[in-house]
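Biologist: Could you walk me through this one? I'd like to start with the helix packing and then look at the inside.

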Amino acid sequence: MQIKYTDALIIGGGLAGLRSAISTTDKGLDTIVLSLVPVKRSHSAAAQGGMQASLGNSIMGEGDNEDVHFSDTVKGSDWGCDQEVARMFVNTAPKAIRELAAWGVPWSRVKKGDRETVINAEKTTITEKDEAHGLITARDFGGTKKWRTCYTADATGHTMLYAVTNEAMKRGVVIEDKKEAISLITKDGQCFGAIVRDLKNGELVAYVAKGTMIATGGYGRIYKQSTNATICKGTGHAIALDAGAYLGNMEAIQFHPTPIVPSGILLTEGCRGDGGVLRDKDGYRFMPDYEPEKKDLASRDVVSRRMLEHIKKGKGVKSPYGDHLWLDISILGREHIEKNLRDVQDISKTFNGIDPADEGEKGWMPVLPMQHYSMGGIRTTPKGQSVNVKGLFSCGEAACWDMHGFNRLGGNSVSETVVSGMIVGNYFADYCKETDITIDTKVVQDELTKQNNYLDELLALDGTESIYDIKDEMRNIMQEKVGIFRNGKDLEDAVEELKELLKKTKNINITNKHRLLNQELEEAYKVPMMLKVALCVAKGARDRTESRGAHYREDYLKRDDENWLNRTLSYWANENDLEPTLAYEELDIMKMEMPPGFRGYGKKGFIIENPLSQKRQEEIDKIIEEHQGDRYELQEKLMPYELQAEYKSINQRLGDEDE
């Protein structure tokens, strides 16, 4: 039996996992990071458009601060987020971005004087202040009042990942790639590490740790069309499920408006943030008709729905891959595109033979909404620990921390990776330092034996079903019945059909009977995991009879704060169950800094109001009226929250002396 011991075990080598590893290493802990791929190839590198932080350096970001970022985040979540976590996040984000600058991220910077930009499809000249020259700049993104999304052209995730990886390596973090965690080692409701498959030789190794963190990203590949990397299959969520952990808000799935057709590669929101627009088959810019205030930069869930509504009206562009719409950034000009959107240009040229800098229709790129992000994940406390499995932590997209609620703002995810890596990573480090574990070697051996036997059982299967066909059918079901528009009939059918597929995984035929480099074997143990995750999504969506954020029910159009202002918890009650058990965690309106209200999209009145919202608002109004002091003291009166002192300290901005 092979056992490796460490203080802190981190499963996932993207931005969230690596930034957490820096926190644990800085506190003197032995740390091992496990990654499916070389860490600089992690999916974090695919983030293009930018990272939100309320610096307020650019003239278009003037007046931005934590309060404005907080308000945007809560409204963006459709009041589904944990407002204390949102506060932790917005206060730490400016510190995170400056830390990244110190580590070498080449943020795009403010240049003083006049510059030409495109706002509302019209060329406009803005004048940057002399005193802001050289400071980190920002672009516009959907659902924000201020230009807040800081960027490095359209390769933000790439530059961030390289900088954070280099810092982790500099500190001596042990990084092991081509390693896949296939189960957690648990006893009496506590996690002690993981059983890990070495993908280079097929062997299983036990990793025993004081604390274990899952930072494996999202689960988009349960859908047929997704911008996610092929490794984003939800296996981190599945092993947490098998260990008894609760998952939160799994039905909250975001669809991005502008993946390119047919490859599904993402074209950043920065295209529209910089002034690009969506057009229909007639070349008509249609979004202002639906959302006259935010237009093409409404929240992602709203834009995606409006696009499909427009296609249903017969305004889509016909193609061999189905109807699509156009994304036009040619109006930005070649110079801007080749400086700030060069990856977009390269993607469009490589996969579609289109140069988006070409003027007119020739440069328009075909786009269609596709699955992009998972707001749901392993349900954690604000400190990042699983709410019901001791010693198991999670951060980044893998977690339901929960700052996104039912819709994430663009730029808040790549920001969350490093911010949660700082905050949760520090709490995780403290837990590992303060915890001594005693684990019988037999417990480790039993789990290792169990997983070895499971792999042998899979190899011995000689049934009639193909694991590849099961996987394809699952992805089609999710695409067609648990997509942007949802209804009770489709969701009920999806749950039943997914359960049948889970049964079929017991009757597959594996033709290759060896462990090493056997793709068929890998699919045989991953697809059942993916099906369990898919069932959490489908059943959660079926039972949530309202529309909130990205969860849109055609048969329940209103957001129902009276009955559904809660968080869905999914868990596998018994190993042989074919579907998850659901429970609900109520959101306490009387503790909210911002009680539920109108989000700002669509028609007013599409809310079933909770009477406590008005009561809480009256309390808040009274506190504000009686308050004497600065906005920081007011915020603490409205909603106190816990955060490490170094992250809760006041952020400095241009013009602070005038506050």
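This is a predicted model: local features need pLDDT of at least 70, side-chain atom pairs count only at pLDDT 80 or more; totals for chains, interfaces and linings use all residues.

Biologist: Okay. At what angle do the axes of H2 and H3 cross?

Modeller: Roughly 135°, and the two axes come within 9 Å. H2 covers residues 66-76, while H3 covers residues 83-102. That angle makes H2 oblique to H3.

Biologist: Is the crossing of H2 and H3 left-handed or right-handed?

Modeller: The crossing of H2 and H3 is right-handed.

Biologist: Which residues make the contact?

Modeller: From H2, they are Glu66, Asp67, His69, Phe70, Thr73 and Val74. H3 brings in Gln83, Ala86, Arg87, Phe89, Val90 and Asn91.

Biologist: How many of those are nonpolar, polar and charged?

Modeller: The contact of H2 with H3 has five nonpolar, four polar and three charged residues.

Biologist: Next pair. How far apart are the axes of H12 and H15?

Modeller: They are 10 Å apart, and H12 (residues 441-460) packs against H15 at an angle of about 110°. The two helices are therefore roughly perpendicular to each other. Their crossing is right-handed.

Biologist: And which residues of H12 and H15 make the contact?

Modeller: Tyr454, Leu455, Leu458 and Leu459 of H12 meet Leu521, Ala524, Tyr525 and Pro528 of H15. By class, this contact has eight nonpolar residues, with no polar and no charged ones.

Biologist: Let's go inside. How many residues are in the largest nonpolar core?

Modeller: It has 78 residues. Those with the most contacts inside this core are Leu184, Ile214, Ile222, Val482, Leu498 and Val537.

Biologist: Which helix gives the most to this core?

Modeller: Helix H15, residues 519-543, gives the most, with 14 residues.

Biologist: What is Leu498 in contact with?

Modeller: Setting aside neighbours within four places in sequence, leucine 498 is in contact with Met474, Ile477, Met478, Leu531, Ala534, Leu535 and Ala538.

Biologist: What about a second core?

Modeller: A separate core has 60 residues, including Trp103, Val105, Met160 and Tyr431.

Biologist: Last one. Where is Thr212, and is it buried or exposed?

Modeller: Threonine 212 is in strand S10, residues 204-214. Threonine 212 has a relative accessible area of 0%, so it is buried.

Biologist: What is threonine 212 in contact with?

Modeller: Leaving out neighbours within four places in sequence, its contacts include Leu9, Ile11, Leu184, Cys191, Phe192 and Gly193. Gly391, Leu392, Phe393 and Phe428 are also in contact with threonine 212.

Key:
Residues are numbered from 1 along each chain as its sequence is written. Side-chain values use heavy atoms; hydrogens and water are left out. Axes are lines fitted to C-alpha atoms, for helices over the stretch in contact, and angles run from 0 to 180 degrees between N-to-C directions. Helices (H or I, at least four residues) and strands (E, at least two) are DSSP runs, numbered from the N terminus. Angles under 35 degrees count as roughly parallel, over 145 as roughly antiparallel, 65 to 115 as roughly perpendicular and the rest as oblique. A crossing is left-handed if the near helix is turned anticlockwise from the far one by less than a right angle, and right-handed if clockwise. Contact means heavy atoms within 4.5 Å. Ala, Val, Leu, Ile, Met, Phe, Trp, Tyr, Cys and Pro count as nonpolar, Asp, Glu, Lys and Arg as charged, and the others, Gly among them, as polar. A nonpolar core is a set of buried Ala, Val, Leu, Ile, Met, Phe, Trp, Tyr and Cys residues joined through side-chain atoms within 4.5 Å. Buried means under 20% relative accessible area, exposed over 50%, partly exposed in between (1.4 Å probe, protein chains only).
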